[in-house]
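Visitor: I am new to this structure. Please show me how to read it, feature by feature.

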Amino acid sequence: MAEKEQNHRIDATKRRDSSEHTLASRGQIFALISLVLILLFCVFLAFIGSTSGAVTVACTLVVSIVAVFITGQKSSSRNTKNQPQDKTDTK
């Protein structure tokens with residue numbers, strides 16, 4: 001009975017990790033597609049003569065990407081600090 005429960009727990013953990021990895025990779029793909037589309041829009045704006053609009057969109061894009069990376073690094077460092085560490089009692 002305990003072995004079945006342990007195997008079930010291991011399988012559930014594997015499925016959860018796999019789904020988290022799938023979601024993260026899917027998010028990266030969508031982010032890359034969005035980035036390329038916005039950059040193409042900037043090129044289009046520059047092509048039609050609206051260089052100030054293209055520069056504005058491009059600068060906004062760069063600032064938002066930098067902000068996401070900075071906040072992502074802060075939250076990931078917080079998560080690693082808040083995780084309990086394995087401490088074993090040695091009596």
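Guide: We will go from the overall fold to salt bridges, surface and pocket.

Guide: This is a predicted model, where local features need pLDDT of at least 70, side-chain atom pairs count only at pLDDT 80 or more, and totals for chains, interfaces and linings use all residues. Residues are numbered from 1 along each chain as its sequence is written, and side-chain values use heavy atoms, with hydrogens and water left out.

Visitor: How many helices and strands are in the protein chain?

Guide: Helices (H or I, at least four residues) and strands (E, at least two) are DSSP runs, numbered from the N terminus. Here the protein chain has 2 helices and 0 strands. The helices are α1 (2–47) and α2 (51–82).

Visitor: What share of the residues is buried?

Guide: Buried means under 20% relative accessible area, exposed over 50%, and partly exposed in between (1.4 Å probe, protein chains only). Of the 91 residues in the protein chain, 5% are buried. The accessible surface comes to about 8300 Å². Carbon and sulfur atoms hold 63% of that surface. Such areas come from the Shrake-Rupley method with a 1.4 Å probe; for residues, only the protein chains shown count as cover.

Visitor: How many salt bridges does a search of the whole structure find?

Guide: A salt bridge is a side-chain nitrogen of Lys or Arg within 4 Å of a carboxyl oxygen of Asp or Glu. The search finds 3. One of them pairs E5 with R9, with the closest N and O atoms 3.4 Å apart. E5 and R9 are 4 residues apart in helix α1, so about one helical turn separates them. E5 is partly exposed, at 48% relative accessible area.

Visitor: Which residues does R16 meet in salt bridges?

Guide: R16 meets D17 at 3.5 Å, N to O. R16 also meets E20, at 3.9 Å, N to O. R16 and E20 lie 4 residues apart in helix α1, so they too are about one helical turn apart. Shared partners join R16, D17 and E20 into one network. Now read their accessibility. R16 is partly exposed at 47%. D17 is partly exposed at 38%. E20 is partly exposed at 46%.

Visitor: Which residues form a nonpolar patch on the surface?

Guide: Patches are made of residues with over 30% relative accessible area and no salt bridge; like charges are joined within 9 Å, and nonpolar side chains (Val, Leu, Ile, Met, Phe, Trp, Tyr) within 5 Å. Here I29, F30, L32, I33, V36, L37 and L40 form one. Together they have about 700 Å² of accessible area. Take L32, found in helix α1. L32 is exposed, with 53% relative accessible area.

Visitor: Which residues line the largest pocket?

Guide: Rolling a probe the size of a water molecule over the atoms shows where empty space is left. On a 1 Å grid over the protein atoms alone, a pocket is an open set of points where a 1.4 Å probe fits, with protein on both sides within 12 Å along at least five of seven lines; lining residues have an atom within 4 Å of a point. The lining here is Q28, A31, L32, S34, L35, L61, I65, V68 and F69.

Visitor: How much space lies in the largest pocket, and which helix gives the most to its lining?

Guide: About 200 Å³. A volume is the space filled by probe spheres set on the points, which are joined across faces, edges and corners. α1 gives the most, with 5 residues.
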